[in-house]
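Have the structure open beside you as you read.

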Amino acid sequence: MWTRTIQGKTLTFHLAGIHNQNFLMRDEETGSFWQQVTGECVAGPMRGAQLERVHNDELTIARFRAESLTGQVLLGEPGHSDSYERDWELGIDELPTVVDTSDSPLPPRALVAGVAVGGKARAYEASRLAAEPVILDEIGEVPVVLWSGGGRMLRAFERRVDGKALLLAPADGEHLRDAETGSLWDFRGCAVEGPQAEAKVCMTSVPVLWDYWFDWRAYNPETDIYGR
């Protein structure tokens, strides 16, 4: 997700085509083309410009309502429910890809959660996250925690607070506890009990992108895979 105001212009985007099997947008105002996965302008008068990322999550309605009491939900247009494809990914799983991943241990359409931070990129297999819902890792010398709430409900945080990397472990189904202070942390990455809660500390969010392996690797060619 990207902000659409750049260099003083608010742009209006439309689907223009597919590039490397990834969504390509064209803006009405300048006629420039933008890559959806990177937010970069790849052709046209604004070539080389970069849209600013907007933090976003994939959440259940229950989680969204619990965290955002005044939040709004975008619904489909009434009377056109049959026009929305709910399981479109199932129909393309067997299609060939334009990116060769034969030299890697994953099939091209393996679902991964990609994280890029500290100048490094790493892919986490969906199956690994399902089996290991809390992962402590270090990417590019940045200590991170990936916390899965089930399905694609996944958040990542930099687990360094006051210059120290926290050792976090599940305390119950809704919280993590750090070994350093014994504080409890909720799924927003904020301390809710203990010394860190008294200081009103929240961990810094790290962007996560659910993607096919071939697509993540195409735009992050130096990526590695967690646990491989």
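A residue is called buried when its relative accessible area is under 20%. Keep that cut-off in mind as we explore this model, which is predicted.

Begin with Phe187. Its relative accessibility is 3%, so Phe187 counts as buried. Now look at Trp147: with 6% relative accessibility, Trp147 is buried as well.

These residues also belong together in another way. Searching the whole structure turns up 4 aromatic pairs, and one of them joins Trp147 and Phe187 in an edge-to-face arrangement. Their ring centres are 5.1 Å apart, with 80° between the planes. Where do the partners sit? Trp147 is part of strand S10 (residues 142-148), while Phe187 is in the loop between strand S16 (184-185) and strand S17 (191-193), so the pair ties together parts that are 40 residues apart in sequence.

Next, find another kind of ring contact. The charged end of Arg109 sits over the ring of Tyr212, 5.2 Å from the ring's centre.

Finally, turn to the largest pocket, which has a volume of about 1,500 Å³. Its lining is made up of 45 residues, and those nearest the centre are Gln36, Glu58, Arg152, Leu209 and Trp210. Several elements give two or more residues to this lining, among them strand S3 (13-19), helix H1 (61-67), strand S19 (209-212) and helix H5 (213-219). What kinds of residues, nonpolar, polar or charged, line the largest pocket? The lining divides into 27 nonpolar, 8 polar and 10 charged residues.

Conventions
Residues numbered from 1 in each chain as written. Predicted model: local features only at pLDDT ≥ 70, side-chain atom pairs only at ≥ 80, totals over all residues. Heavy atoms only, no water. Phe/Tyr/Trp six-rings, centres within 6.5 Å; stacked < 30°, edge-to-face > 60°. Helix = DSSP H or I, 4+ residues; strand = E, 2+ residues; numbered from the N terminus. Buried < 20%, exposed > 50% of the residue type's maximum accessible area, 1.4 Å probe, protein only. Lys NZ or Arg CZ within 6 Å of the ring centre and 35° of its normal. 1 Å grid on protein atoms, 1.4 Å probe; cavity = no way out; pocket = protein on both sides within 12 Å on 5 of 7 lines; lining within 4 Å. Points joined across faces, edges and corners; volume = space filled by probe spheres on them. Nonpolar A, V, L, I, M, F, W, Y, C, P; charged D, E, K, R; others polar.
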